[in-house]
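Keep the sequence and the 3D view side by side as you read.

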Amino acid sequence: MRAMVQTAFGGPEVVAAQDVPRPTIAADEALIQVAACAVNRMDLLQRSGPALLPGFTLPHIGGMDVAGTVVEVGADVPDLAVGARVVIDPTLGCGDCTYCQVGDSGYCGGVTVTGGNRPGGFAEYVAVKAVQVHAVPDEAALTTAAALPSSWATAYHALFPVGRLTAGETILIQAAASAVSVAAVQLALETGARVVAVAGSEAKLDAVRALGVEHCVPLDADPVAYVRDLTDGRGAEIALDHVGPATWPVSLGALGVRGRLVFMGQTSGDQVSFGLAGAYHREIALLGSGAYTPDDFHRALKTFWSGDLSAPIAAELPLEALPQAFDVLTDRTTVGKVLVAP
């Protein structure tokens, strides 16, 4: 089969098309013919190096967010049919450790990630455990399904198990046109929350408005004052921030008494500073949001399939155009997922 294989750490030149053996499957696995695979920042970071996940080895086939068709099932997989249209949860725990036993498989010491530390979807076929496979409704496009896994499960985990968002609350969402924030915006609206979307350009805010968000504010237009006016001075109950030091002052400043800051990324840097008095006098809760759970993945997909929701796609490119797909991914003017298809 054809696959995009990473043979070293570096720029686009370290990933090239190769003919490699088609995967063989174990008794508890399924073989998926890939229809589309989204490109994630994890793919870019692991291409550049160093490896981020234990167990990563070269050569490597990336691609975490996979949708396709089942073409073969193992002997111990009675409830999955050849021909089924599916999307893959890329994360899988060992099933036996303390974390796995309570559903926190993302923290398992032996966690495997399709496209992260085992072969992924930048190929014609990928082998996965049957428990990672989720059905795609007949009316849904497989390209849409490929745009969902990492961003929607991550957003769901941040908003609900971690952030405890409820109907009627006001939530400020940073970088609102990014893939994970687009998911968070729609999940929050579905819950009945009032969303204040913040982004760096009017073009990106227009994309968020198209999702049904009424309150959209450029980052340089004093979102804190906007939120205070909107809430009669009380401030937001929750802020979602995956940007880091560039946006933390706004996220913290917009919160009211007992507000919750859910943070889940550091694209603008890893170190932040803030005044302790202003945080503890308001009883601000700082809530880190890490690995989503299998239940988060299931619930995020269920919400998407049952609602009139959108997973924007910025570009669809052939598999062998993966280097160009990385360029689109890093273009800060784009909105939505970048997909490659064999």
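Helices and strands here are DSSP runs, numbered from the N terminus (helices H or I with at least four residues, strands E with at least two). The model is predicted, so local features need pLDDT of at least 70 and side-chain atom pairs count only at pLDDT 80 or more, while totals for chains, interfaces and linings use all residues. Residues are numbered from 1 along each chain as its sequence is written, and side-chain values use heavy atoms, with hydrogens and water left out.

Now step back into helix 1 itself, residues 41-48. Which of its residues are buried? They are Asp-43, Leu-44, Gln-46 and Arg-47. Buried means under 20% relative accessible area, exposed means over 50%, and partly exposed lies in between (1.4 Å probe, protein chains only). The buried residues pack against strand 1 (2-6), strand 2 (15-19), strand 3 (29-39) and helix 11 (322-330).

Two packed helices are described by the angle between their axes and the distance between the axes. The axes of helix 1 and helix 11 come within 10 Å and cross at roughly 115 degrees. Axes are lines fitted to C-alpha atoms, for helices over the stretch in contact, and angles run from 0 to 180 degrees between N-to-C directions. Helix 1 supplies Arg-41, Asp-43, Leu-44 and Arg-47 to the contact, and helix 11 supplies Phe-326, Leu-329 and Thr-330. Contact means heavy atoms within 4.5 Å. The residues of this contact divide into 3 nonpolar, 1 polar and 3 charged. Ala, Val, Leu, Ile, Met, Phe, Trp, Tyr, Cys and Pro count as nonpolar, Asp, Glu, Lys and Arg as charged, and the others, Gly among them, as polar.

Two strands pair if DSSP finds at least two bridges between them.

Strand 10 (residues 170-173) pairs with strand 11 (residues 194-199) over 4 bridges. There, Thr-170 has Arg-194 as its bridge partner.

How many residues of strand 13 are buried? The count is 5 of its 6. Strand 10 pairs with strand 13 over 3 bridges, and Leu-172 has Ala-239 as its bridge partner. Strand 13 is joined to strand 14 (residues 255-263) by 5 bridges. Ala-236 stands opposite Leu-255 there.

Two residues remain. Thr-91 lies in strand 6 (residues 91-92) and counts as buried because its relative accessibility is 16%. Beyond neighbours within four places in sequence, its contacts include Gly-106, Val-113 and Tyr-292. Glu-320 sits in the loop between strand 16 (313-318) and helix 11. Glu-320 is partly exposed, at 47% relative accessible area. Glu-320 and Gln-18 are 302 residues apart in sequence, yet 9.7 Å apart in space, C-alpha to C-alpha. Leaving aside neighbours within four places in sequence, Glu-320 contacts Arg-2, Met-4 and Ala-17.
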